[in-house]
Amino acid sequence: MKLIFECGTREQHLHLMPACDVPEVRLCEQREQPLDLPHISENDLTRHYTALSKRVHGVNDGFYPLGSCTMKYNPKINDEMAALPGFTAVHPLQAESSVQGCLEVLYKTQKYLCEITGMDAMTMQPAAGAHGEFTGMMLIKAYLRDRKETVRTKIIIPDSAHGTNPASAVMSGFTVVNIRSGADGGVDLDSLKEAVGPDTAGLMLTNPNTVGIFDRNILEITRIVHEAGGLCYYDGANLNAIAGVVRPGDMGFDIVHLNLHKTFSTPHGGGGPGSGPVGCKAALAGYLPGPVPVNKDGRYEQVMPDRSIGRVKANNGNFLVVVRALTYILTLGREGIPDASMNAVLNANYMMSRLKDVYDMPYDEFCMHEFVMSLDRLRRETGVSALDVAKGLLDNGMHPPTMYFPNIVHEALLIEPTETESMETIDEAVEVFLKLYETAKTNPEVLHQAPVTTPVRRLDEVGAARNPILRYEKA
Amino acid sequence: MNFPEDLKYSRTHEWIKMLEPATCLIGITDFAQSELGDLVFINLPKVGDEVVKGSVFCDVESVKTVSDIMTPVTGTIAEINESLVEAPQKLNEDPFGAWIAKIEHITAVEDLMDAAEYEAFCKI
Amino acid sequence: MGTYIPTTEAQREQMLAAAGISSMRELYANVPESMFIRDSLALPQGKSELEVRAAVTAMADKNKVFRTILRGAGAYNHFIPATVRSITSREEFVTAYTPYQAEISQGILQSIFEYQTMICMLTGMDVSNASVYDGAAAAAEAITMCRERGRVKAYISACSDPQVIQTVQTYCFGSGTEVIIVPEKDGHTDTAALAEMLGEDAACFYLQQPNYYGQMEEAAVIGDIVHAAGAKFIMGVNPIACAVMRTPYECGADVAVGEGQPLGLPLAFGGPYLGFMACVRSMMRRLPGRIVGQTTDVEGTRGFVLTLTAREQHIRREKSSSNICSNQALCAFTAGVYMASMGEKGMKQAAILCMSKAHYFAGRLHNDVGWHLKYDGEFFHEFITLCLYPEKVLETLEEHGILGGLPVEGGILWCVTEVVTKEELDRAIDIIREVCADEADI
């Protein structure tokens, strides 16, 4: 397939704007470098992108059981609301009186998310989960600075954590102490007790954890950290298991981030934009980045928290993404939120129960919203790896689950069906997985060669990294 | 799998070639490169860096991993093999020829194995 | 309540039975009893789609949408071709995940590769990443890129967008980087002060072009000063201006970043926007976030894949320089479609229209209203006029459906883009003249 630069001719262009109706003015010093943007007719432009769209696989196309990503259905009403001119045509620096609707959106969303998470205050500013993690770590840093406890420089993180956790801690100037996970996938309490001390700034944890298990020792874990003088940060990536059923605030967490593009149905857009609001208990509220909207007798105002860490980006966060999330929360409401979570957990357990007689499940108990399979034994016996099975799924029209995460499971496939999949879809997916297992045993070469039906076959990633070609250049 | 006789080996799979009394070349072994897979990049140290035995002095990347390379000697980086930046595959193709750095002013050395000991160590 | 759960009651019973579970409650067996939310959440009851539409639309209706927008200051009201909205709302692009499974994601990967190429073309730089959150975050990440042992101070022009300065300061509080603001003189970066301030420990200097006041800076001269001090030169550029001004590459920038919202993204009360980052080849591996590279598959067919991934957090973890995971992919895609639709001709035309109309307006404000420019240097499409009663002027303009410039110290920061007609500008002038006449009477 051609790149857009390889289409069209120099003479082609769209006629988009009228001639200048005032005297023309130009800069004294102008660019000399050519601006070789595409030259293409509107018809060919549209065909190019239509062709690209046929080489994409979205939630709209099929089952997307990516563990840790919560690829649930993206409701269309959310998109419609995010396209209202009353939202899209509003300048971020308009006077407050003229944007009361936008402030109401931010205020209400933060209020509802505080209720769901058990937090006292929240910012909608961070643009993604990792951005929220960074924000949360900075809240801890500022809090400790003001208490003159800057000797606390360590953040404790389980070895099963998502890479953004240690990266966010280090971006905020902390060092990371990794602790072991136990045989049950939960935090190893002895490892935790050894790790805490007078230099503990805090703990970063997700619960359910990255192997899909709710850590039954959670209250003990947060108690140990608090007793040592540290704060507890909740990574909300797995909230879809428990939203409306259990609150992170009740588990002992002081700060949380949420992923609106996971739990709250906003679309992934090929890698973003997401939204990573950060909530916290009252003691930390003054440190939130700002401004935050407040309700003063029915009028909304933007106020900078009194000890704010400042800003983690310009303006008001990914506002249209927040509009989508609010629409979703209003749709589901107080009964729908927990209902969605419970069905997410049910779907995952059903799918696990149908696969566990064939695939190895390292954690032999009921899972939460996701479960992990290990293909280590399969690889040793047949040479077929988790990657090979994933590529085999592609030939069956299915997006593979998350591969090789978390690190603590070898040849991992992490599966999260979400609550918006039907029983039929899950059954069909199970059949594909079972068929692939058979293929691995009887004809492994097929899987080593997979995929064969996709627009391209396996790509040379080594070559791509050794000799990076990161842009098109005319020959 | 190669285990050249004239080199010394660390438990973390680096090889050392002593040049003068207080200088050496350092690289990764054939065993190391086969474990690491196709290497795509090396983050070389800087000339003048002080390195301490038993600690990390650079890292190598494959497509999906980063691996620390340890130094079994304490000293100063005298030279680095810049050609590895453009051609990291040399570490896979010719691990004992593709030296990573020359370390000088060596003041301490870990206990190192000879070729036979290292070969046995790799077989465990 | 609205629900997206497709299973029936009967099916759920079947599924519970198959999983060997007696009830939904049993699924949460690990959860301590005390932790269960007893009463329902203090949230409104779920609504039908019809009611939700009404409720959210009511919120949108409480906002004032202005027919004519003469305010910029970081967010710009530009023409968005119809192709952009049509193509970027395709569900395939909207609902896709990050393209980790390259074989079925060639559409996403190729579109990002095309975006990266277009950002390089626009800025003149060698390499671009696949986006970060916005221009302010991009500035902060660029500073991180430039840190080295012994060079840990970040310098930033006082003529930068205040929100960018704030964001940089917050990020640098995290990394322990000292942020030093280089003062302004006559609406430009004080180059004499800059030369004096840059020491051996300077990592970088960040310059906004055009700057926050709309003024064009002597970027190439500043670049030389920065390099003479051994520091790196970061330019934060307006992408529309890039179509006509000397590019960051031509000015000697090591890193070029900016706010990509003008490239086809609506104002949207501030987000989602787009942080673009491009750099010289030698700094390629310091770029944060995802990057798409070209390669071939086992049959020799050209394809695209996420590459240089060992830089990123999921591999480097605590040794990565940035934690970024999700970026603004769909916004970058939008920018690519915009730049492809506009082409060289369109981008240059948009830039010239903006600049010409802004100068026309500034001229009329001077000649027919008597307002002086605060700074008399060359400007692109933004300028500040001195004004004693900005609130009154802006209030009156707003009553007529015109969002005037941003009130700033001593005056108003105006912006004119290609969508504003001469008639609209003349009308604004008439309204302002009336306000001034009223004020003179008072």
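**Strand pairing, domain contact and chain interfaces**

In chain C of this predicted model, strand β16 (residues 411–415) is joined to β15(C) by three bridges, and the two strands run antiparallel. Within this pairing, C:Pro407 lies opposite C:Ile412, a residue of β16(C). Both strands belong to an open three-stranded sheet of chain C, ordered β13-β16-β15 and paired in the antiparallel sense. The edges of this sheet are formed by β13 and β15 (406–408) of chain C, each of which pairs on one side only. From one strand to the next, the twist averages 30°.

Chain C is divided into domain 1, comprising 68–77 + 343–441, and domain 2, comprising 82–338. The centres of these two domains of chain C, taken over C-alpha atoms, are separated by 29 Å. Their contact draws 21 residues from domain 1 of chain C and 19 residues from domain 2 of chain C. On the side of domain 1 of chain C that touches domain 2 of chain C, at least two residues are supplied by each of α13 (329–369) and β13 (382–386) of chain C. The largest share of this side, six residues, is contributed by α13(C). By class, the residues on this side of domain 1 of chain C comprise 13 nonpolar, four polar and four charged.

A second open sheet is found in chain B, where six strands follow the order β1-β2-β3-β9-β8-β5 with antiparallel pairing. The bridge partner of B:Lys8 in β2(B) is B:Ile16.

Chain C is in contact with both other chains considered here. Between chains B and C, six residues of chain B are in contact with five residues of chain C. The side of chain B that touches chain C is made up of three nonpolar, one polar and two charged residues. Between chains A and C, the contact involves 168 residues of chain A and 172 residues of chain C. Several helices of chain A each supply at least two residues to the side that touches chain C, among them α1 (42–53), α4 (100–117), α5 and α15 (461–466). The largest share of this side of chain A, 23 residues, comes from α10(A). The side of chain A that touches chain C consists of 89 nonpolar, 49 polar and 30 charged residues.

Two packed helices are described by the angle between their axes and the distance between the axes. Helix α5 (residues 129–146) of chain A packs against helix α8 (residues 162–175) of chain C at an angle of about 70°, and their axes are 10 Å apart. The helices α5(A) and α8(C) are therefore roughly perpendicular to each other. The crossing in which α5(A) passes α8(C) is left-handed. In this contact, A:Phe134, A:Met138 and A:Lys141 of α5(A) meet C:Thr170, C:Phe173 and C:Gly174 of α8(C). Three nonpolar, two polar and one charged residue make up the contact of α5(A) with α8(C).

How values were computed
Residues are numbered from 1 along each chain as its sequence is written. Chains are lettered from A and ligands numbered from 1 in the order in which they are written. This is a predicted model: local features need pLDDT of at least 70, side-chain atom pairs count only at pLDDT 80 or more; totals for chains, interfaces and linings use all residues. Axes are lines fitted to C-alpha atoms, for helices over the stretch in contact, and angles run from 0 to 180 degrees between N-to-C directions. Helices (H or I, at least four residues) and strands (E, at least two) are DSSP runs, numbered from the N terminus. Angles under 35 degrees count as roughly parallel, over 145 as roughly antiparallel, 65 to 115 as roughly perpendicular and the rest as oblique. A crossing is left-handed if the near helix is turned anticlockwise from the far one by less than a right angle, and right-handed if clockwise. Two residues are in contact if their C-beta atoms, placed from the backbone, lie within 7 Å. Ala, Val, Leu, Ile, Met, Phe, Trp, Tyr, Cys and Pro count as nonpolar, Asp, Glu, Lys and Arg as charged, and the others, Gly among them, as polar. Domain bounds come from an automatic or database domain assignment. Two strands pair if DSSP finds at least two bridges between them.
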